[in-house]
Amino acid sequence: MELRDTARATDGYPLAVTRFPAEGRAWATALVAPAMAVRQDFYAPYARFLAQNGVHALTFDYRGIGASRAAPLRSTQATVTDWATKDFEAMLGEARRAAPALPLVVAGHSLGGQILGLAPSNASVRAAIHVVAGSGYYGFNERMRWRVRLLWFVALPLFTRLFGYFPGRRLGIIGDLPKGAALQWRRWCTHPLYALSEGEAARASFERVTARILSYSFEDDPMIEARAVDSLNGFYRHARIEHRHVDPRATGAAIGHFGFFSEASGARLWRESLDWLREALAAGV
């Protein structure tokens, strides 16, 4: 039975979490890390699947998002760095609390697979499943070539400064974001080095990760193409990465940027990734 709860980020900010205790004998603990502006409820079916198969799972909302929005976004001070070094970091600890002796794994969707590299204790992660986690640099996106340029160079800076936050939900783009997070993300997405544009400390942080990583990209994803995933994978220089680029015709259902976490289109991939996770942990790092 899942349990909704509140936990604290490393700076004390209250974060909404949901715990999914493993059924039967537990063999791992997983932190499910959301994509940009996506609420944790979206990941509940996948977290339940993990729990039903012996993995303690935890989902959460970043500060300013979903149930972790404690104030209007105009007054929410949050950057992507805060999400990585304060929220994601604290949730790694919360995930471990269920069973400290079990191996810790991460299932990161898009942003969730990107900012693993910036979390201070990321070296403690034994394995990770990255779902469409790639560099957001606009030069890697040819399928939405003009839309991404309009977003980063016109819409996001204009509307963020006008409203005091990015009103993505109203615009039908991404979702609502705190001002600091929106503008920092824009800086990353307009720089070829993406998150590494933060400097040498960011590069060193990514290089702490030695986990095995299964990295998925999908042929029908209009947002993150395979070369963007390859670019981000290159940031994790000391990780052991397997990149699987999936043609949705092989799964019988459209996948895109979000379909992996849909029970209807992602169930076969859930089983495949779970089998990979068992093998990765059994083999060690």
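Ala, Val, Leu, Ile, Met, Phe, Trp, Tyr, Cys and Pro count as nonpolar, Asp, Glu, Lys and Arg as charged, and the others, Gly among them, as polar. The model is predicted: local features need pLDDT of at least 70, side-chain atom pairs count only at pLDDT 80 or more, and totals for chains, interfaces and linings use all residues. Residues are numbered from 1 along each chain as its sequence is written, and side-chain values use heavy atoms, with hydrogens and water left out.

**View 1. The second largest pocket has a volume of about 230 Å³.**
A pocket is an open set of points on a 1 Å grid over the protein atoms alone, where a 1.4 Å probe fits, with protein on both sides within 12 Å along at least five of seven lines. Lining residues have an atom within 4 Å of a point. Grid points are joined across faces, edges and corners, and a volume is the space filled by probe spheres set on the points. The lining holds Ala37, Arg39, Gly64, Ile65, Gly66, Arg69, Arg169, Ile174, Gly175 and Asp176. By class, that is 3 nonpolar, 3 polar and 4 charged residues.

**View 2. The largest pocket has a volume of about 640 Å³.**
Its lining counts 31 residues. Leu151, Trp152, Ile174, Trp185 and Met223 lie nearest the centre. Helices (H or I, at least four residues) and strands (E, at least two) are DSSP runs, numbered from the N terminus. Helix α4 gives the most, with 6 residues. The lining of the largest pocket has 22 nonpolar, 7 polar and 2 charged residues.

**View 3. Strands β1 and β2 form an antiparallel pair.**
Strand β1 covers residues 3-8 and strand β2 residues 14-20. They pair over 6 bridges; two strands pair if DSSP finds at least two bridges between them. Ala7 has Leu15 in β2 as its bridge partner. The hairpin has 5 residues between the strands. Gly12, in this hairpin, takes a positive phi near 90°.

**View 4. Lys86 and Asp11 meet in a salt bridge.**
The structure holds 18 salt bridges. A salt bridge is a side-chain nitrogen of Lys or Arg within 4 Å of a carboxyl oxygen of Asp or Glu. Side chains of opposite charge can pair when their charged atoms come close. For Lys86 and Asp11, the N to O distance is 3.8 Å. Lys86 lies in helix α2 (residues 80-97) and Asp11 in the loop between β1 and β2, so the pair ties together parts that are 75 residues apart in sequence. Buried means under 20% relative accessible area, exposed over 50%, and partly exposed in between (1.4 Å probe, protein chains only). Lys86 is partly exposed at 26% relative accessibility. Asp11 is partly exposed at 42%.

**View 5. Arg19 forms a salt bridge with Glu94.**
The closest N and O atoms are 2.8 Å apart. Arg19 sits in strand β2 and Glu94 in helix α2, so the bridge links parts that are 75 residues apart in sequence. Arg19 is buried, with a relative accessible area of 16%. Glu94 is buried too, at 13%.

**View 6. Asp87 forms a salt bridge with Arg63.**
The closest N and O atoms lie 2.7 Å apart. Asp87 belongs to helix α2 and Arg63 to the loop between β4 (55-60) and α2, so the pair joins parts that are 24 residues apart in sequence. Asp87 is buried at 0% relative accessibility. Arg63 is buried at 2%. Salt bridges that share partners join Asp11, Arg63, Asp82, Lys86 and Asp87 into one network.

**View 7. Ala95 lies in helix α2.**
At 3% relative accessibility, Ala95 is buried. Contact means heavy atoms within 4.5 Å. Not counting residues up to four places away in sequence, Ala95 touches Thr29, Leu31, Leu58 and Leu104. Ala95 and Arg19 are 76 residues apart in sequence, and their C-alpha atoms are 8.4 Å apart in space.

**View 8. Thr160 is found in helix α4.**
Thr160 is buried, with a relative accessible area of 0%. Its contacts are Ala155, Tyr165, Phe166, Lys179, Ala182 and Leu183, leaving out residues up to four places away in sequence.
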